[in-house]
Amino acid sequence: MSELLQFVFSGITVGAVYALVALGFTIIFNASGVVNFAQGEFVMLGGMITVFAHAAGLPLPLAALIAIVVTAAVGVALNRLAIEPARGAPVVSLIIITIGASIFIRGASQLIFDKQIHSFPAFSGDDPIHVLGATILMQSLWVIGGALAVFAGLWLFFTKTLLGRAVLATSNNRMAAQLVGINTKFVMTLSFALSAAIGAFGGVLVTPITLTAYDVGLALALKGFAAAMLGGMGNPKGALVGGLLLGLLEALTAGYLSSQYKDAAAFVIILAVLFFMPQGLFGRKSTDRV
Amino acid sequence: MRISGKYWTLIFLAALIAVTPLFFPSGYYFRVGSLLFVNGLAVTGIVVLTGYAGQISLGQAGFAGIGGYACALAPVHWGVPPALAVVLGAAVSGVLAYLVGRPILRLKGYYLSVASLGFGILVAMVLNNERELTKGPDGINVPDIGLRGLLSDWGLNLTNGEFWYALTGICLLIGAWIALNLQSSPTGRALRALHGSEVAASTVGIDVARVKIQAFVISAIYASVAGSLMALQNKFVTPDIAGFLHSVEMVTMAVLGGVASVPGAILGAGVLTLLPQVLTVLAEYEQLILGLVMMGVMIFLQEGLVPSILRWFRGRDE
Amino acid sequence: MSLLEIQALGISFGGVRAVHDVNFSVEPGEIVSIIGPNGAGKTTLFNMISGVYRPETGRVVLSGETVTGMEPFRLAKRGMSRTFQNLQIFQNMTVLENAITGFHLQERGPVLADLFNLPGSRRRARLAEAGARALLARVGLERAADRDAGSLSYGSLKRLEIARALAMQPKVLLLDEPAAGCNAVETDEIDHLIAEVAASGVAILLVEHDMKMVMRISNHIVVLDHGEKIAEGAPAEVSRNPEVIAAYLGTEAENADG
């Protein structure tokens, strides 16, 4: 029992990060129809910039803030320089552009930072908390709490503010949004900034647990993408549930079956979901118009 | 007109393969050449799948892995001659593509790409983790293909580099010939039709699901044979051959040159094979430059290098 | 028994009844038109008959065989062909290749023969090409054969789509607004083409907004409004039917308001 609880704790912690990456995918996908394979690099940048700003002598909260702002700027630049100019390109071109961006950001980080593995101190010390025979790190609570706060904040943003509704309207129908006077270009910029900031925030939260390096982004992007698909592409609720579910599945597979095949379990489940529910758990069903 | 175009492409390619070695300053260039041809072969398979049929796979490296490990394992464990192991690997890849393709080819666009990506990652994971069979992440030795000895018995003495240059060059020519045949054949037209409009393809009687699987199986066999040749030439193979980055590399090569045509994709393979060779001086900047090239070409030359250049020339004529 | 029988066909989207309980039949060589105001469910009905949508209720019977919801490629083998309101041309091919694709069921063969360019494959392709050239000549596109399909005018694309559909030598041909967006000359050409095809014994089911054309060439007209059949009969009868006039006047009044 305590063993199961232990796996659940670690699954939810990892799952919360996947959920944040999946949320980042969702925001950009809704605004632009692009699946951004560079999403994982935002998480990497969040962690790495914090590490180096902190090492340069800045207090941790300030270092984290800088990391999030810089990463958001990278997101905006990605949109302006690579996604906007390629509007209307076929899916395969867009896939290559964002994978290219991911490789570029990785290459740049390797030059600007280094190839070492890094971390910074946990926010509230390293002492674990004991719950029913299992232990959980304080930092895990930060991760889970942070992720929930982001989801709650976004929910408020999308439902209660005019700007948030403008973003939603744009994702539903770009043309109609333009006609009613929404600045869709600004909405795109905002979506990339938001998505990058969320990724960086996830990186800041999780680095004390998982450590970081210039090349952690790709694996995170794939998992986050998988989580987004599991939940149903384009649906924030799906991103949350998909992320947590994926984290749990991985942790349980690693615990009870084989730690080597924990990633395999995730992809097997995703393939199964795609076969039986091609729209994911919460996706909308679409009909081709002819 | 179209027929002669096909043979001109092949003649030009053959001439290029035959003549270039005259200018090689050292034996090392034979190796680069054969690497280029192997990549060109894998990428030709992507032309069939993505260029003709419009389906995107990010899991092609999985089949290259199967082809590569078939040549490492079959000769040692089951006594299959290495040259036949290539055929065995291709057969396994083809059957697997058929089985995997049935469910995943119902998906479209990003969903198809992630499903195929999942398949590729699973293959890479098995190769990494089944240490008893594959020796794990460090890789495994591959026996010599044995044909070079045969040739020298007949009085044809080639260096290892020359031999592989010739063998992979011939394989690429055959692969290009087959893909070009397909393009103007009834099956090829069906593939290109479903790329243009699935619903219209279906209304003229094309069994869309079936021809998609045919394209997937064909492209898997290309990737598998390319993987086998790579492993046999290196006499060594690691699970990286099946990795996500290898899949991305293949798709990028194809799209870079122009995925709709065989010569375009082979040119893309050429550029991306030679680029790292040129950049070895700038090894640190390799990823940076690769990323920039990928983004730049897709933004400014959306159809790829060859069609964009052709269009530019045509534009100047008019 | 009619060639094509539509029995109590219906479908709804998100709780809204798009088409409800529609019945009619089509005989060989007959031109049956489906008319109705915008949003009456004409294209939806077409999509159900041609297997693009699966109907929720009712049956489609083709030559005595129930083919309800059968995939389009299976219907093609049974002799049903169609064109599309918003054009579904293979833009990545030449005009000739588009037409050849219509011969798919005749030209297809073993994949291996195609991969290795065996004589059988070449022969099949040659026959299909000859057929396609003849068809292009019939619709007046023979000189555009080697152009990219994307470079044709709208009216030419409409004719190319009809040529592609005719290539299958269908027993039933569904034409979804073949004259929409065409000028008077092009409409006239399409008009003649349809009459000619019908005269050769093909059953034609037509959706068209051009009322003059519909009244001129139809043998039989089915009127839809809000997804239901409100009238059917010969052109002269239908045009006098008060319900039909009301449906059309109603939309015109709405249009005038909007």
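Here is a short chat about how the chains of this predicted model meet.

Student: Before we start, what are the ground rules?
Tutor: This is a predicted model, where local features need pLDDT of at least 70 and side-chain atom pairs count only at pLDDT 80 or more, while totals for chains, interfaces and linings use all residues. Residues are numbered from 1 along each chain as its sequence is written, chains are lettered from A and ligands numbered from 1 in the order in which they are written, and side-chain values use heavy atoms, with hydrogens and water left out.

Student: How much area do chain B and chain A bury between them?
Tutor: Contact means heavy atoms within 4.5 Å, and here 43 residues of chain B and 46 residues of chain A take part. Buried area is the accessible area (1.4 Å probe) that two parts lose on being put together, summed over both. Carbon and sulfur atoms account for 78% of it, and the total is about 3900 Å².

Student: How many salt bridges does the rule find across the interface of chain B and chain A?
Tutor: The rule wants a side-chain nitrogen of Lys or Arg within 4 Å of a carboxyl oxygen of Asp or Glu. Applied between chain B and chain A, the count is zero.

Student: Which element gives the largest share of the side of chain B that touches chain A?
Tutor: Helices and strands here are DSSP runs (H or I, at least four residues, for helices; E, at least two, for strands), numbered from the N terminus. The elements of chain B with two or more residues on that side are H4 (82–104), H5 (109–129), H12 (244–257) and H14 (286–300). With 14 residues, the largest share comes from H5(B).

Student: Moving on, how much area is buried between chain C and chain B?
Tutor: Chain C brings 32 residues to this contact and chain B brings 28 residues. C:Phe73, C:His104 and C:Leu115 supply 22% of the area that chain C buries, more than any other three residues. Carbon and sulfur atoms give 64% of the total, which is about 2600 Å².

Student: Which residue of chain B forms a salt bridge with C:Glu97?
Tutor: Across the interface of chain C and chain B, the rule finds two salt bridges. In the one made by C:Glu97, the closest N and O atoms are 2.8 Å apart. The partner is B:Arg192.

Student: Within chain C, which side chain makes a polar contact with the side chain of C:Arg17?
Tutor: A polar contact is a pair of N or O atoms within 3.5 Å; within protein, one must be able to donate a hydrogen and the other to accept it, and residues adjacent in sequence count only if both atoms are side-chain atoms. C:Arg17 sits in strand E2 (residues 16–26) of chain C. Its polar partner, at 3.5 Å, is C:Glu228.
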